[in-house]
Amino acid sequence: MTTFVVRSPGPQNLMASANHSSQAPNIHHSSLNPSPLRRSGTTSRRIRALADRGAAVIVWVGGLATILSIMGIFIYLLLEVVSLFLHSESSEQTSFSIDTTGSNHFDSLAIGIDEYQEIAYVLYQGQLGFYDLATSQLRPSPGMVSVSKTPITAIGRASGRNHHIAMGTQDGRVLFLMVQFRSVFENGVRTIVPSFSMGDPIEIDTDQSPITKIACQPSDEGITIAIVTKAGKIWVAKIEEAGGLLSENETMVRRMELHTPDATTVSTLLLDQLGETLFLGTHDGRLVHWDLQDIENPQLLSTTHIGHTKDSITSLAYLIGDRTIILGTQSGTVSAWMPMHTSNTESGTQLTKVRDFVTHPGAITAISPSKRDKGFVTADDQGHVFLHHSTAAQTILAFHGYESPIQDLVFAPKANGLVTLDAQQQLTRYALDNPHPEITMNTLFTPVLYEGYDQPAHIWQSSSGSDDFEPKFGMWPLIFGTLKGTMYAMLLAVPLAVMGAIYTAMFMSRELRAIVKPVIEIMAALPSVVLGFLAGLWFAPLLEEIFPALLAMSVTIPLSVMAACLGWQYVPKSLQARQRWGLDLVILMIVLVGTISVCLSSNHIIESWWFDGNYKEWLLTVFGFQYDQRNALVISFAMGFAVIPIIFSISEDSLSNVPKHLLSGSLALGATPWQTLTKLVLVSASPGIFSALMIGFGRAVGETMIVLMATGNTPIMEWSIFNGFRTLSANIAVEMPEAPHGGTLYRVLFLAGLLLFTFTFSINTIAEIIRQRLRAKYSQY
Amino acid sequence: MNLHMPPYSKAPATKMTPKILIQNMNFFYGATQALFDVNLEVPAQQITAFIGPSGCGKSTLLRCLNRLNDLVDGSRLEGQILLDGQDIYRADVDVTDLRTRVGIVFQKVNPFPKTIYQNVAYGPRLQKVNRRATLDDIVEKSLQGAGLWEEVKDRLHASALSLSGGQQQRLCIARALAVNPNVLLMDEPCSALDPISTAKIEELLHTLKEQLTVVIVTHNMQQAARVSDYTGFFLLGELIEYDNTKKIFTNPGDQRTEDYVTGRFG
Ligand SMILES: Nc1ncnc2c1ncn2[C@@H]1O[C@H](COP(=O)(O)OP(=O)(O)O)[C@@H](O)[C@H]1O
Ligand SMILES: [Mg+2]
């Protein structure tokens, strides 16, 4: 006679029940316990009290633990995700003056830094010095070295991992410098050893006019250079050597003069990594595009005007991958430009401005792209440094240096720091903590114009083989995929499961019901990995084979069933009652099996009649649908199979729980069984059916293995039932092995998890609320 | 088996025409027989009561009168039940139509989980009566007929489940009346109700009698004596005695009837 009163557990309740049983134990037991039991009453009461308390504690602890662990999971997910949006920051800033002894009077300079940000080099007024950033001291070896006897009038830095620098001299020659940093491990301690090498001077223009601008880019085929001379000439040249680039071997120089634009207007030069494309920026706001693939026959591709104002282009840089050009101007604007498809030009592409970034207060003096991502830093002549990210279209950080014009700036190779040199010879290093620059709410949830696309789009593509890949973290394709998979699964499962439940609960004979219900419930015991495996490897190819038959079935099955129902009316009543499980069911089975086998056996005939012999081609030409083998149709069957038992079982329970006396009440008023069903039973069972649907929905949303194995996991956003999709859950499973701990992808996957969690959590909560409302409205007594 | 052929198995002499005529009726639930060779006449516009101990088949007989027993798997009926001279068990009888002519109120109070209005309008709506004004009219008349109108007229759209037990039972009566039956079957309609509610329903029976034929099953001897015109006494599936209520209670023809009505068993 022990009763566990499970109230909402709480400490007060615990106390209350304990007090109650110890202080006034007799009140409600004395009348129940007849005298023979009284002897053992005290002991049994104590046991009861203990059991009561034990049960309450277990319920209380269990409930609390569940709530806490769910909250814990939620908070953990949230913390991992929040890091994506935390502001980047600069943690330290060191600054010191460089040694400027032995200067000449040209302000061409270049700086660089190793990947561990320990050593910076400064090429300044013909001298190369290596500085130890930790001590702010010039390194004793190699010390300050003079690299040129003649004054340097122009410096161009090649892009890429190595530190290649071309210097143009006052007497019109070109010098190459390569700086290297080697890591040396001694007793487990890493030291960076800098070194440099110089090439022989090369003469491009024979008139020895000082070089005013220079750009260089080494590639497999040699070094491409472009120069502008004081005499007003623009030259491009390719320098090829039989041996190494900087060896003593004979060099071969092929060169060509360019006549557009006017050399006096050229303000800046830009070469791509292959040395095949040259952009010249001018003082009057033009961007001239040359194709240098054949150095002896350069092609002028286009001239782009960057805006209405005749703003001078002061700095140009390619972002990693050479697709986006960052352009800085005299007035301080910073913008991103991409070649976009157009019918206006001969080449079919046109350089188009795609983004503006935060404008500097002064003229842009230097742009340095990240070697890791689509980020870059810009500096101006008032000492400001801004950090931007192209994909995210955002300016992440702004530094307001020492108000002295910044002459050069480089982004550290790992994009975790930067170095500037200003007009007062201050070398400043900023350390950056900028782990997820490409993530903003916009890049996650709004269409983004990615490199190589003509339209902003929702795209998920987290990684690729190449380093210069632009990661695309659009979440919508995954959310879409989740909804699409769920929708198609529910489209098949809901009618089948609910109708099946209605038939089983309301019309099936009791004996048959006792078999059918457990059998369908056993379907739920099938592990979804088995379902997915079968769906992907067996069912998908089969479906591809018998698709025409399936389509035919979708028409013939309803027709033949209707025909059978019509025919049933002509079966004599005496015969109708014969069969134990219902003759109607037997006939229906025969009709179904018959129709299906006829359709299957005439698969090829249907295909040739209906689809001109090839249904895939027919689908493509008539409707424009591409048929993938692993598609939403396969999912709707496989995932349908997984959710049908749940929906069926809960719906059936709630239907058969509608009190019998309500059914009799309805029938007694002259309602037909069908009317009773639609007007009374469905309404009364609606809370149960509704929660069945919601639980099925939640299952379909979170389902992973089936979609993982049977969809092809293509993150595309198309409703077509004939192609695949990728769900949030499958995406996590697919990408987890490739996501380094703490990285952007890693955290974005947590975001996917959080979305999924929020999704199912809110569905369940809303479902529960609605169910409670329905139950209050249609509650039975 | 039928050693005691009941002496009063035919209907008592009455001027009234028989509304329901039951002839040689046997009823089986699967293999078990619940009613044995029942013969009786229910007179029109009178109240007929069935009494007898639990399990003697009163409810079964009642449910045979509007074929609700059809729903029980494996049930079977032999013999005839004539309503207005028509055999209601003939194959071509429209059962739903029969049930609108023979309404029933159950022992277990069973309003639908809908509003009061919807409960009463349920039956008419099944017959495609959808005009609002007509429905309003039917609802009002039926509720008045069940003596509930005054109590609920201001809250027709409240849930039926918010009514008290006695009100709910009268709502069930109103619901049955709404389809305009000419027979009303009542299976222990007051067994779950308090004395005041019971009194109200008994009062109601007298007014109902003017329009329809009432068959009531009751456990309560006083109730049968108070409200009914004719009484049938059942025992173990057999109709022992059927006669004028007065006769049954004052001068029963069978010893077993006397034992029962005087409270000696049952
Ligand atoms: N649905 C049923 N299936 C099988 N036996 C039933 C069913 N309903 C009633 N019975 C049996 O029929 C007999 C008569 O029952 P019932 O008509 O309910 O008696 P009463 O209403 O007089 O108490 C009882 O023995 C009962 O067990
Ligand atoms: Mg009964």
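The legends below describe close-up views of a predicted model. In this model, local features need pLDDT of at least 70 and side-chain atom pairs count only at pLDDT 80 or more, while totals for chains, interfaces and linings use all residues. Residues are numbered from 1 along each chain as its sequence is written, and chains are lettered from A and ligands numbered from 1 in the order in which they are written.

**View 1. An open antiparallel sheet of 4 strands in chain A.** The strands follow the order S24-S25-S26-S27; strands (E, at least two residues) and helices (H or I, at least four) are DSSP runs numbered from the N terminus, and two strands pair if DSSP finds at least two bridges between them. S24 (364-369) and S27 (394-400) of chain A each have a single partner strand, so one side of each edge strand lacks a neighbour in the sheet. On average, neighbouring strands are turned by 20° against each other, direction ignored, with axes fitted as lines to C-alpha atoms.

**View 2. The pairing of strands S26 and S27 of chain A.** S26(A), residues 384-389, joins S27(A) through 6 bridges in the antiparallel sense. Within this pairing, His384(A) is placed opposite His400(A) of S27(A).

**View 3. The domains of chain A.** The assignment, which is automatic or from a database, gives domain 1 (11-84), domain 2 (147-305) and domain 3 (476-778). Between the C-alpha centres of domain 2 and domain 3 of chain A the separation is 66 Å.

**View 4. The contact between chain A and chain B.** Chain A contributes 20 residues and chain B 22 residues, where contact requires C-beta atoms, placed from the backbone, to lie within 7 Å. On the side of chain A, helices H12 (660-668) and H13 (673-702) are the elements giving two or more residues; H12(A) supplies the largest share, 6 residues.

Definitions and conventions: Axes fitted to C-alpha atoms, helices over the stretch in contact; angles between N-to-C directions. Contact = placed C-beta atoms within 7 Å.
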